[in-house]
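Reader: Could we go through this one together, beginning with the aromatic rings? I'll jump about a bit.

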Amino acid sequence: MESNVNAKIKSLINFVYGESFSEAHLKVLLEKIDNAGSVITGKRKAGWDEKDIVLITYADQFSAPGEKALPVFTRFYNEWLSRSFSHVHLLPFYPWSSDDGFSVIDYHEVAPETGSWRDVAELKKSASLMFDFVCNHMSAKSKWFENYINQAPGYEDFFISVDPETDLSAVTRPRALPLLTPFTLHDGSVRHLWTTFSEDQIDLNFASPEVLIAMVDVLLHYLMEGARYIRLDAVGFMWKIPGTNCIHLEQTHRLIQVFRAITDRVAPGTVLITETNVPHKDNISYFGDGENEAQMVYQFSLPPLVLHAVHCQDVRVLCQWASSLKLPSMKTTWFNFLASHDGIGLNPLRGILPESEILSLVEKLQQEGALVNWKNNPDGTRSPYEINVTYLDALSAKESEDNERIARFILAHAVLLSFPGVPAVYIQSILGSRNDYDGVERLGYNRAINRKKYRAGEIDAELEDNKSLRHSIYHRLTQLIAIRRTEKAFHPDSQTIFETSGAHVFKIIRTADNGERITALFNFSNHQQNIHSDIETGRELIAGEDIRSTTLSLNPWQVMWIKEN
């Protein structure tokens, strides 16, 4: 096994690097892998099941005077969330300088104000953990970048220097910001460095063997600290060749295959999840052949398609897209979500919806208070690439009554929980959070609208108040999650059929290996819908009522989960 994996790693590296990756480099790399393999002894769960649900959160989501943030979060999690979630995705908790953690200063440390690796280990007692591997770029305040600027030996090629006269017009741009940023080195010379996301996030030069070795060392450290899921952040941009679009290049796919071979060897059961907020056909390319790249990819098209269906009160596009989904093997599945720390991506709609409908959705959401981020296109035009809003506020109009607001929210999350794959819920969603305009004004960027942090005890009181919106959202959503986690039909791999009844009713039929079947019905309209059902007798799991009629009435925005007898 070990020799086979080593041979695979050697073959992949030879494809990417050729002779530039020397025998000495390879010896160092394989020694690091061997050492990690000897340290990691605990068995990881193989695959996934209906009990697996991920909470997405910041490690410093809650604060308390005189305490580190991570122990405060762990206390809140154990009291309010541990019964609902099997996994916790801790967004980057390393020392950072911008982008709420995604500009990493030191990959190997926990931010001092957040806690320590011992605090991470304490949370690990209550949940399986998901870490971010921020592999494309790191902070301009990092020691690695300081060494580069000071021209320290061994760091000459850690970052990507480009002649500013180079034609980079073909490069895919995720931001309306300069691609190159000038920096002055110790000797006074100026280098223009590749900065895909911001001048504080300097792209790493994976063409350098030393960079690959250093980043594999980071990956191995996270595995040794117990990460069960590894999120490969912005991984599609990892390899650059001027004259190409510099995204989804073959070298990037081969490096992900290196990461997969390493994790399979030293920590079998670890799941790699690629984060590529791009059109669907590019997104799913990161499954590779179903055996050699990511086990999961983010289902980026789901959040905006559910929004589109709600606002148009029409499920046909959502159903058509869902029916087209295919996995390359039973060793892969979808990482499903509706909301995250980022905005709602629009690029994943392109190729599914006409641009006119995308712009119409953006305009409607803007009118209801959402903010929008834009990107530059190669032809000099600009396009919206992301809507910034809490998912609760994205689903409803500002003047909506809370009853309708809650119903639409629960409908959307019931779709999430019914979908094949592993669902992930953002902490602001389960807490019933609204748009944080004060945060946007204070911090100066649109994404702050959905990234509010709280003081310990601040949320508890609202969750305990049965008259509050947070209480209703929390209790309704935790009820749904509890049901899902007990039903075999909701296993990520169980058979799925998507159907519609007219334009307004979406139907998801899930059938487990043992024959148990659940029919999920969703009324995406503000009118009652009467539909015919093939189920003669069954039990509606959400209301806990028996079904004894083939004619069913769904109230506006109602969900039914019907388990056949």
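Author: Ring pairs join Tyr107, Trp144, Phe145, Tyr148, Tyr155, Phe158, Phe159 and Phe183 into a cluster, where rings of Phe, Tyr and Trp (its six-membered ring) pair if their centres lie within 6.5 Å, and planes under 30 degrees apart count as stacked, over 60 as edge-to-face and the rest as tilted. This is a predicted model, in which local features need pLDDT of at least 70 and side-chain atom pairs count only at pLDDT 80 or more, while totals for chains, interfaces and linings use all residues. Residues are numbered from 1 along each chain as its sequence is written, and side-chain values use heavy atoms, with hydrogens and water left out.

Reader: How many aromatic pairs does that rule give?

Author: The count comes to 36 aromatic pairs. One of them is Phe145 with Tyr148, a stacked pair at 6.0 Å centre to centre with 15° between the planes.

Reader: And where do Phe145 and Tyr148 lie, and are they buried or exposed?

Author: Both belong to helix H5 (residues 143-149), three residues apart, about one turn of the helix; helices (H or I, at least four residues) and strands (E, at least two) are DSSP runs numbered from the N terminus. Phe145 and Tyr148 are both buried, buried being under 20% relative accessible area, exposed over 50% and partly exposed in between (1.4 Å probe, protein chains only).

Reader: Switching to Val211: where is it, and what does it touch?

Author: Val211 sits in helix H6 (residues 209-224) and is buried, with a relative accessible area of 0%. Leaving aside residues up to four places away in sequence, Val211 touches Asp157, Phe158, Leu204, Asn205 and Phe206, contact meaning heavy atoms within 4.5 Å. Phe158 also belongs to the ring cluster.

Reader: Now Ser86, which loop is that in?

Author: Ser86 is in the loop between helix H3 (69-81) and strand E3 (87-90), and Ser86 counts as buried because its relative accessible area is 15%. Beyond residues up to four places away in sequence, Ser86 touches Lys51, Asp52, Ile53, Ala127, Ser128 and Arg485.

Reader: Last topic, charges over rings: which ring does Lys453 lie over?

Author: Lys453 lies over the face of Tyr58, at 4.5 Å from the ring centre, where a charge sits over a ring if NZ of Lys or CZ of Arg is within 6 Å of the ring centre and within 35 degrees of the ring normal. Arg254 lies over the face of Phe15, at 3.7 Å from the ring centre.
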